[in-house]
Amino acid sequence: MPPGPAGPGGHPQGARREASSIESLLASKEIVIACGSGGVGKTTTAAAAAVMAAVRHGGKVLVVTVDPAKRLAGALGLSGFGNEERRVPPAAFDAAGVTPRGELWAAMLDTKKSWDDLVRRHAPDHQTEARILENPLYQNIAGKFVQSHDYIAMERLYELHTSGAYDLIVVDTPPTRNAVDFLEAPQRMAEFFSSRLLRLLIVPYRSRLVNMASRPFYQIADRILGSQFLADVAEFFILFQTMYDGFVQRAGAVERLLHASRTTFVVVSTLEAAPAREAEYFIKVLGDKGFSLGALVLNKTLPPYLLDEAAGRRAQRLCSSAADLAGRAGGGGEAGGGGEAGGGDLAASVGSDPAVLERVLAEVGENFRNFMVVAQREAAQRSQLASAPEVVATVPEFEQDIFDLRGLVRLGERIWN
Amino acid sequence: MGTADLLDRRLIFVTGKGGVGKTTVAAALALLAARRGRRTLVCEVDAKGNMADFFETAPTAFVEREIQPQLWAMSMDTEASLRQYLALQLKLPLVARVGPLARMFDFVATAAPGVKEIVTVGKLCWEVKEAHYDCVVVDAAASGHVVSQLASPQAINALVQVGLVRQQTGWMLDILGDPATTGLVIVSTPEEMPVSESIELRDRVATETTVDLAAVVVNRVLPELFGRSEEEVFDRLEQPEAVAALDAALGGPVRPLLDAAHLMVTMRRTRTGHLERLRAAIDDSVPMLYVPYLFSRTHGLRSTGQVADALSAELGY
């Protein structure tokens, strides 16, 4: 465990850091949670990490994804399957040319079905269970409740972990407006169902004896939302309260699991401004709240040669002397610099119309200079991620999309370090 | 009516998968509308957004502020919107002291789908109804959530049978469902997931909402470096004699320059496939507007202006 170059930007109280590479992180943890803002390659990264763990470490590895691209889901053998875990067929690994030491399993998170399972588990009797499942408000909430996706993802993780069936579970987190929302979801869920406001809302429908002080409150609420709607809401919550104890206990257990030392977080980002800012914020929150920050994965980075300033000067020279080099000297205005190569030679050796060659050379130079601007912007962004954990994996922008196990292995090898 | 001029519409919702540049496009459309002399309001629905960065101005608030000539900016705050609504629409007494009511509302709204959304959409529709602005551009929720915003009047109608909120949905539906007034802009990039999500969103918007798809903006389109004959020449530059000649002429290896060109060509080729999938899926009557990848240092007013210029050219202004 190296001390790590936290330096002046590091956390004073600090997230716990325990591994020196993603390889050792995946070997020492039971739960790895990938988080970051949308569009940074979180799902693919989680899948690649799980694939590598199954291939190199062995054991039973499960990857839980939320909304995988169709082709990626296909690669994991997930198409058409619901909430249940499925083993990725060994034949898929054969086709990718690797022999895994362990087993890879995959599951997709079905929010609605997971909620139904939760209700079945906690409802005191079948009648209550049926009434909750049929309540129109419940059906809306299970599908659309802003925090329900966050909560149920963590709940399902708990369920899978306590089943004891897996050595390692890698989870991809749902796309949330705020990447840290799901960390607080169990606690907020518990607070929600034990809220004073909830009791306030339910009281008048349990007993029509509303005291004089709060009557205007209900009158206004009725006027705006309609008493029938409020009654529907109240009925739902009265039913839900029968599950209260089990639910709150469960939320507490889920929260403890997220904080446990067997759990770690991997922050995924690109070096675009907005996701990088989000990643920075996320790293800070993990530290402040005492979660384990395992690693930072920077996806879609440009190759380092684009930062080579000498190459940048050559690119500029290529632009300004394209006409010379293409054997179209006399066009005037070119900075001398390419003269010694003898322009016409190049045109002759590639057998090209000098005008076409000139355009190609100028484009090549211009393209490098364009890329360089972006590469420099990314480098600056990266140095701003001062509070990054010591395990940082940098993954290049792949020329092709990743849509099969072979691609995941290729990505995984880059992450592995 | 997909061909109605985009900026003639008075309420434009801009959405897309996270990370595709939704806010950039919303900011640029608003800037373009304002430049064309329309009194414009740009509203970011996500309170933690960074719209202000795109105009290099102080953070936006619920009360709108003029940030450019003819351009006002605000950010949505559902509680403030509810207060305004109670005061203006319902003429409720004691509005200043609705603390418990607002808290209760917030609580119900957390659980009851559509309630928070209708307060958001209601405020925007109201700005249109009252004709405070010629054009309202909304940096709406990302594609996962935007449908529940746009369909919130229907959701409320289904859940709430009576009451003042229910009575308010009619005029909102009139505004949202009129393609001459309201349009949705889906922003995508030519990559696998954004394209798939855009196509799914198009379907959901058509079946679950009354809002017209006004345009699809394809952001970050990479440049085509070479035409066909140029590509052949570029391939021949890989020959050892050519490389040696270039190394000598440039006073150092040309290899990184050639590699960078290869990288661009292959990246563009992969993306072209996704772009074609998107184009094939979108109805011909819906304009597709292409915004080039910006090789710029930072995001700010300058790059917002460049995107606005690109959109302006695409719209034929």
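Reader: Is D308(A) buried, exposed or partly exposed?
Author: Good place to start, and keep in mind that this is a predicted model. D308(A) has 18 other C-beta atoms within 10 Å. A buried residue needs 20 or more, while an exposed one has 12 or fewer. With its count of 18, D308(A) is therefore partly exposed.

Reader: Where in chain A does D308(A) lie, and how many Å apart are D308(A) and P89(A) in space?
Author: D308(A) lies in the loop between β7 and α15 (309-320) of chain A. Along the sequence, D308(A) and P89(A) are 219 residues apart. In space, going from C-alpha to C-alpha, the two are apart by 44 Å.

Reader: Which strands stand at the edges of the sheet in chain A?
Author: Let's follow the order of this open sheet of eight strands, which is β3-β4-β2-β5-β1-β6-β7-β8 with mixed pairing. A strand at the edge has a single partner strand, so one side of it is left without a neighbour in the sheet. In chain A, that describes β3 (86-87) and β8 (392-396).

Reader: What is the bridge partner of R87(A) in β4(A)?
Author: Strands of a sheet pair through backbone hydrogen bonds, either parallel or antiparallel. Here β3(A) and strand β4 (residues 103-108) of chain A run antiparallel, joined by two bridges. Within β4(A), R87(A) has as its bridge partner W105(A).

Reader: Which helix of chain A packs on the sheet, touching β7 and β8?
Author: Look for a helix whose direction makes about 145° with that of β8(A). This helix touches β7 (293-301) as well as β8 of chain A, and spans residues 405-416. The one you want is α19.

Reader: By how many degrees are neighbouring strands of the chain B sheet turned against each other on average?
Author: Chain B has an open sheet of eight strands, in the order β3-β4-β2-β5-β1-β6-β7-β8 and with mixed pairing. At its edges stand β3 (65-68) and β8 (288-292), each with a single partner strand, so one side of each lacks a neighbour in the sheet. Ignoring direction, neighbouring strands in this sheet are turned on average by 25°.

Reader: How many residues of strand β7 of chain B are buried?
Author: Strand β7 (residues 213-221) pairs with strand β6 (residues 182-188) of chain B in the parallel sense, over five bridges. One residue of β7(B), V218(B), has S188(B) standing opposite. The strand is largely enclosed by the rest of the structure, because of its nine residues the buried ones number seven.

Reader: Are helices α7 and α9 of chain B roughly parallel or roughly antiparallel?
Author: The axes of α7 (residues 152-159) and α9 (residues 169-177) of chain B come within 9 Å and cross at roughly 150°. Angles over 145 degrees count as roughly antiparallel. That makes α7(B), relative to α9(B), roughly antiparallel.

Reader: How many charged residues are in the contact of α7(B) with α9(B)?
Author: From α7(B) come P153(B), I156(B) and N157(B), which meet T169(B), M172(B), L173(B) and L176(B) in α9(B). By class, five of the residues are nonpolar and two are polar. As for charged residues, there are none: the contact has no charged residues.

Methods:
Residues numbered from 1 in each chain as written. Chains lettered and ligands numbered in written order. Predicted model: local features only at pLDDT ≥ 70, side-chain atom pairs only at ≥ 80, totals over all residues. Axes fitted to C-alpha atoms, helices over the stretch in contact; angles between N-to-C directions. Helix = DSSP H or I, 4+ residues; strand = E, 2+ residues; numbered from the N terminus. Parallel < 35°, antiparallel > 145°, perpendicular 65-115°, else oblique. Contact = placed C-beta atoms within 7 Å. Nonpolar A, V, L, I, M, F, W, Y, C, P; charged D, E, K, R; others polar. Pairing = 2+ DSSP bridges.
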